[in-house]
Amino acid sequence: MKTQLIELNINDQIYEIPITPVDLLVDVLRKKVGFTGTKKGCGQGDCGACTVLIDGKTALACITLAIACQGKKITTIEGVANKDGSLHPIQQSFVEHGAVQCGFCSPGMILSSKALLDSNPSPSELEVKRALSGNMCRCTGYILILEAVHAAAEKMAQAGVK
Amino acid sequence: MYILNNFEYFAPETRSEALELAKKLGSKAKILAGGTDLIIQLKEKMITTENIINISGVDEFKGISCEPGKGAVIGACTKIADIEYSEALRKKYPALSFAAGEIGGPQVRSMATLGGNSCHSSPAAETPSPLSALGAIVVISSKSGDREVPIEEFILGNRKNVLAEGEIVTKFVLPEPAPKSANRYAYIGLRNAMEIDAVNMAVNLVLENDGETIKAIKLVMGSVFPRPLISEKIPALLIGKKLNDELVEQAAEVAQSEAKPITDVRASAEYRRDVVATLTRRLLKEAYAAAKEA
């Protein structure tokens with residue numbers, strides 16, 4: 001299998017990564033770059049654990065070819081916190097509301113929430129539910145997750161966070 | 001880590017490059033657009049391929065043009081989410097917008113494309129039913145030129161369509177909705193999100209100038225036949241008449257008589273037949289009321 005070097009922009013940093021055309025983004029992130037925050041759940045694009053942002057929009061890294069992400073801006077959960085290391089308001093809200101149980105779905109939940117709040121800072125209850133409808137929580141902690149997203153939206157609106 | 005079979009990857013940037021590659025590689029290549037069906041099929045080893053041509057970077061295959069009085073042209077690589085959120089499309093073609101918004105979840109909709117949904121040719125696909133009700137034409141391109149095929153003739157059966165070697169679906173052309181008309185879509189699935197329709201249905205209903213008599217109607221059922229099923233009996237029953245409760249009941253019965261559902265993991269044939277009647281009643285009433293207001 002022919003290996004080639006590609007450049008990927010992950011969390012605003014350029015990585016030169018040896019890949020083959022068949023490598024999936026989730027595997028490249030986890031095994032070649034070391035961003036293990038992106039989880040591999042069903043591997044079929046159903047569960048949302050592998051959700052990342054590509055050019056600001058949610059995408060499923062388990063059914064995305066890494067080679068197809070050249071020239072795009074990839075955001076993983078590792079790129080969500082503030083530059084000083086403090087948590088992003090959405091992350092902080094998940095912690096405060098007990099929205100993290102086993103934690104496996106949390107990176108995907110937080111990235112889906114971020115994509116929503118970036119484009120719609122004050123979503124309705126239905127809009128939040130729709131935005132998270134592609135993310136499964138096996139602990140079934142949905143209520144607290146929804147509460148955390150609404151609280152984060154309010155906090156971000158007050159603080160003028162983008 | 002190497003779950004997929006080994007393939008060569010091509011990412012053309014222009015229409016002519018894409019068509020050139022499609023011609024050169026023919027049946028030895030699969031076209032990648034959003035990947036929400038193709039990559040899963042490759043991972044599941046349902047298919048293998050020697051080459052992948054990723055056409056998602058070709059700008060000429062993307063975009064929505066929907067101006068007043070001019071119908072719409074939608075590039076095949078337009079994302080489902082862009083169709084869902086297009087205000088212009090929602091105004092003219094609510095059936096298509098609604099269907100687009102009910103596909104998978106947000107991640108799937110921001111990856112998947114309109115062309116992919118038709119080219120995958122799943123009997124349970126969401127968008128072919130409204131596209132057919134709206135009279136959409138599929139534009140198929142190759143090195144030797146373009147050809148146009150109505151969507152219902154494009155899909156031949158379960159994962160079968162008329163695409164020949166070297167051909168790529170490049171756009172969909174939708175006619176301007178008729179005056180005094182309304183189009184609607186409805187479906188039943190096991191859940192609201194991340195499901196595949198057990199039955200879906202789209203209707204496009206046109207009234208005469210009196211605002212009450214049905215002038216034309218196209219009702220298309222999905223997931224009850226190997227391809228989108230266009231009712232022949234509904235127009236025969238309803239054209240020239242004013243809708244009433246009795247006609248709605250008769251329409252539900254004739255739609256049921258035409259559907260040929262199967263029992264599978266999502267629903268039994270018996271349940272699907274019941275749903276066909278329910279959706280027929282619901283959509284006829286909704287579309288008729290909306291067309292009267294139009």
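Colleague: What should I keep in mind about the numbering and the confidence of the model?

Modeller: Residues count from 1 along each chain as its sequence is written, while chains are lettered from A and ligands numbered from 1 in the order in which they are written. The model is predicted, and local features need pLDDT of at least 70, side-chain atom pairs count only at pLDDT 80 or more, and totals for chains, interfaces and linings use all residues.

Colleague: Why is A:Leu29 called buried?

Modeller: A residue is buried if 20 or more other C-beta atoms lie within 10 Å of its own, exposed if 12 or fewer and partly exposed in between, with C-beta atoms placed from the backbone. A:Leu29 has 27 other C-beta atoms within 10 Å, and is therefore buried. This residue lies in helix H1 (residues 25-33) of chain A, where a helix is a DSSP run of H or I with at least four residues and a strand a run of E with at least two, numbered from the N terminus.

Colleague: Which residues does A:Leu29 contact, apart from its neighbours within four places in sequence?

Modeller: Two residues are in contact if their C-beta atoms, placed from the backbone, lie within 7 Å. By that criterion A:Leu29 is in contact with A:Phe35, A:Thr38, A:Ala61 and A:Thr76. As for A:Ile10, its C-alpha is 8.8 Å from that of A:Leu29, at a sequence separation of 19 residues.

Colleague: What makes the set that includes A:Ala61 a nonpolar core?

Modeller: A nonpolar core is a set of buried Ala, Val, Leu, Ile, Met, Phe, Trp, Tyr and Cys residues joined through C-beta atoms within 7 Å. The largest such set has 137 residues, and those with the most contacts inside it are A:Ala61, B:Ile53, B:Val199, B:Met201 and B:Val203. Helix H12 (residues 269-293) of chain B gives the most to this core, with 8 residues. Beyond four places in sequence, B:Met201 touches residues including B:Ala186, B:Leu219, B:Met221, B:Leu279 and B:Leu283.

Colleague: Why are S11 and S14 of chain B called edge strands?

Modeller: The open sheet has 4 strands in the order S11-S12-S13-S14 (chain B), with antiparallel pairing. Strand S11 (181-188) and strand S14 (229-230) each pair on one side only. Helix H5 (residues 94-101) of chain B packs on this sheet, touching S11 and S12, and its direction makes about 20 degrees with that of S11(B); axes here are lines fitted to C-alpha atoms, for helices over the stretch in contact, and angles run from 0 to 180 degrees between N-to-C directions.

Colleague: What kinds of residue make up the side of chain B that touches chain A?

Modeller: In this contact, 24 residues of chain B meet 25 residues of chain A. The largest share on the chain B side, 5 residues, comes from H6(B). That side divides into 13 nonpolar, 9 polar and 2 charged residues, where Ala, Val, Leu, Ile, Met, Phe, Trp, Tyr, Cys and Pro count as nonpolar, Asp, Glu, Lys and Arg as charged, and the others, Gly among them, as polar.

Colleague: Where do the domain bounds of chain A fall?

Modeller: The assignment, automatic or from a database, gives domain 1 (4-79) and domain 2 (89-159) in chain A. Their centres, taken over C-alpha atoms, are separated by 21 Å, and the contact takes 14 residues from domain 1 and 12 residues from domain 2.

Definitions and conventions:
Pairing = 2+ DSSP bridges.
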